Amino acid sequence: MLYRTAGQFKTSYHADHALFPVRQDAILLGFILLLAFVVFPLTASEFTFRAMLIPVLIYALAALGLNILTGYAGQLSLGTGAFMGVGAYACYKLTSIFPELNIVLAIALSGFFSAAVGVAFGLPSLRIKGFYLAIATLAAQFFLVWLFEKWAWLYNYSASGAIQVPNIDMFGVTVAGPNATAIVQYYFVLCVVCLVTWFAINITRGRIGRIWKSVRDMDIAAELVGINLMKAKLSAFAVSSYIVGISGALFVFLWRGAAEPVLFDIPLSFRVLFIAIIGGLGSILGNYLGAILIVALPVVISALPSALGIPIASATVEHLNTMIVGALIIVFLIVEPHGLARFWAIIREKLIMWPFPH
Amino acid sequence: MNLRPDPRELAAPDDGIAKGAMLLEVKNVSLSFGGVKAITNISFDILKGEIRAIIGPNGAGKTSMLNVINGFYTPQQGTIVFRGEERRAMKPHHAVRQGIARTFQNVALFKGMSTLDNIMAGRSVKMKRGLGWQMLWHGPALAEEIEHREKVEEIIDFLEIQHIRRTPVGKLPYGLQKRVELGRALAMEPSLLLLDEPMAGMNLEEKEDMSRFIIDVNQQRGTTIALIEHDMGVVMDLSDRVVVLDYGKKIADGVPDAVKANKQVIDAYLGVAH
């Protein structure tokens, strides 16, 4: 009833190419943006910002980057964590070499470094596919993390081998470093994520998105409709790694505040890959749903017993947490193997048809 | 009221070749895979504006011939002259840019994409706006998208597939998939269209529809067509000239009636008593 699309006619291709051909989708997104930009900042505590809101956004952005490569262009990658690391270290070096550089610019530039590294490690995709390519990107994962440890110039020869984010101001407000407040960092991350998501939506629904999807669905046929496979694959690696690199820079500068090489090791790659798969490959929305399930839900579950006054030992809560989240992942993948985004698409379809079954 | 657009509006690009003049010439082409000779010293030509059928028993080298023409295989010997340009090796995406489009024996659509997106993908080569404009979407990229959408909608109308515009092609029945594939090839506005068994696995009604589309494309848009087909009734009715292959060799070439009466062709199809 709420999702009735009857009576919404398109009379021009312009209207048909709108971001939300169905009015209710636009209203729903407006509501979510209102929550994100107004309601959460007014109500959330420091803990909620740091433990849930900011990481969900950053992980969703990383998953979005990976999704462009794996979900849209069909190139499986296991090196996401390392590409995030490239973005983070590039941003760190940029801000330490040019301390006057605007932080937004530094983050935007650091994406180019990870894009270049991504393209270099994407070259094998011209010869190999599927799991074999995944193993090739695994080489990037191990090599880059090794490089972060061994190349002391990257962490300015600090004794700990870790990078520390200094206090960085933008227009008189501290946005990164120990003095930054959570709400400022939240807004910063939210704006970057919204902007990049909008760009990603535009790219994936246009010519380049179609080219990527053609390569994913049948590369031989793609070549025979005139698509240059090399360009298509490498551009997917470049755009994907750019977004992943930006998310890596945000990960360290706007959330962790410090990082050591092991942070970018393979568990991070897998975590981002899980978000993308559970959210739904080949979908933009899915990255957010996946990030909420994998990043935010455990935090909610561990905070719940104490909030409700239930006396359970914190170790037990942690075990319960792992069990519940693990079970949920399995349930969701059995109910809808194509991910949460598809789950939502089915619900939406049912809502449009309601109360009729077909 | 008839809303179908006049297919003449969708005319193939003018390639400066007069109707009836040589569009493509295959010169002494030989192709082998290791010790297997797929094509042995074959020569034939395709004239602008005609429907040229390539027939032969299974394994005669018909599909290999198409793969040579559109650059998917590189022949060991011989050359291809297309629009006056002689070549042996070429990348398939260059062949497309030169104006050769094709469909496949086994449908080769992008299964996860809608009918509309599949046909739009056929126009990728003609669209120029780069990543920067695509990111912003509004402005030049959208204008270009709409311009090509209009062309694609004309093709959708022509092939009568409006009702499946938004359906992922993986969910479509086989006959419609073949039609979408033809639509994708037409979207490239080719001057030479290669059809590899466009009617395989179709029932009579679907074959009649497809034949009508092929004739319309040929006559009203002026697109030259090279066609592989096993249904002899269709081949003899549709085509202007037929070339017959058997075991990688050319055994006959001519108008349908002459080919039908050719002793070697009858032997190849029916077998000979030794």
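Helix axes are lines fitted to C-alpha atoms over the stretch in contact, and the angle between two of them runs from 0 to 180 degrees between N-to-C directions. The structure described here is a predicted model.

In chain A, the axes of helix α12 (residues 285–308) and helix α13 (residues 314–335) come within 9 Å and cross at roughly 140°. Angles over 145 degrees count as roughly antiparallel and those from 65 to 115 as roughly perpendicular; α12(A) and α13(A) are therefore oblique to each other. The crossing of α12(A) past α13(A) is right-handed. On the side of α12(A), the contact is formed by A:L293, A:L297, A:P298, A:I301, A:S302 and A:P305. These residues meet A:V317, A:E318, A:N321, A:I324, A:V325 and A:L328 in α13(A). Sorted by class, the contact of α12(A) with α13(A) has nine nonpolar residues, two polar and one charged.

Two further helix pairs of chain A involve helix α5 (residues 103–122). Helix α5(A) packs against helix α10 (residues 229–256) of chain A at an angle of about 135°, and the two axes are 7 Å apart. That angle makes α5(A) oblique to α10(A). α5(A) passes α10(A) in a right-handed crossing, and their contact comprises 14 nonpolar, nine polar and one charged residues.

The other pair joins α5(A) to helix α4 (residues 80–97) of chain A, with axes that come within 8 Å and cross at roughly 135°. α4(A) and α5(A) are therefore oblique to each other, and α4(A) passes α5(A) in a right-handed crossing. From α4(A), the contact draws on A:F83, A:V86, A:G87, A:A90, A:C91, A:L94 and A:T95. From α5(A), the contributing residues are A:A106, A:I107, A:L109, A:S110, A:G111, A:F113, A:S114, A:V117 and A:G118. The contact of α4(A) with α5(A) divides into 10 nonpolar and six polar residues, with no charged residues.

Chain A as a whole contains 14 helices and four strands. The C-alpha trace of chain A spans about 65 × 60 × 40 Å along its principal axes. The radius of gyration of chain A is 21 Å, which agrees with the value near 21 Å that a compact globule of 358 residues would have.

Chain B has 10 helices and 10 strands. With a radius of gyration of 19 Å, close to the 19 Å that the globule rule gives for 274 residues, chain B is as compact as a globular protein of that length. Taken along the principal axes, the box filled by the C-alpha atoms of chain B is roughly 70 × 40 × 35 Å.

The domain assignment of chain B gives domain 1 (1–99 + 189–274) and domain 2 (103–177). The centres of domain 1 and domain 2 of chain B, taken over C-alpha atoms, are separated by 25 Å. The contact between these domains takes 16 residues from domain 1 of chain B and 10 residues from domain 2 of chain B. On the side of domain 1, the elements that give two or more residues are α2 (92–98), β7 (192–196) and α7 (204–221) of chain B. By class, the residues on that side of domain 1 are nine nonpolar, two polar and five charged.

The contact between the two chains takes 24 residues from chain A and 32 residues from chain B. On the side of chain A that touches chain B, two or more residues are given by each of α1 (13–16), α7 (182–205), α8 (207–217) and α9 (219–224) of chain A. The largest share of this side, seven residues, comes from α8(A). The side of chain A that touches chain B has 11 nonpolar, eight polar and five charged residues.

Terms used: Residues numbered from 1 in each chain as written. Chains lettered and ligands numbered in written order. Predicted model: local features only at pLDDT ≥ 70, side-chain atom pairs only at ≥ 80, totals over all residues. Contact = placed C-beta atoms within 7 Å. Nonpolar A, V, L, I, M, F, W, Y, C, P; charged D, E, K, R; others polar. Parallel < 35°, antiparallel > 145°, perpendicular 65-115°, else oblique. Left-handed = near helix turned anticlockwise from the far one by under 90°. Domains from an automatic or database assignment. Rg over C-alpha atoms; globule rule 2.2 N^0.38 Å.
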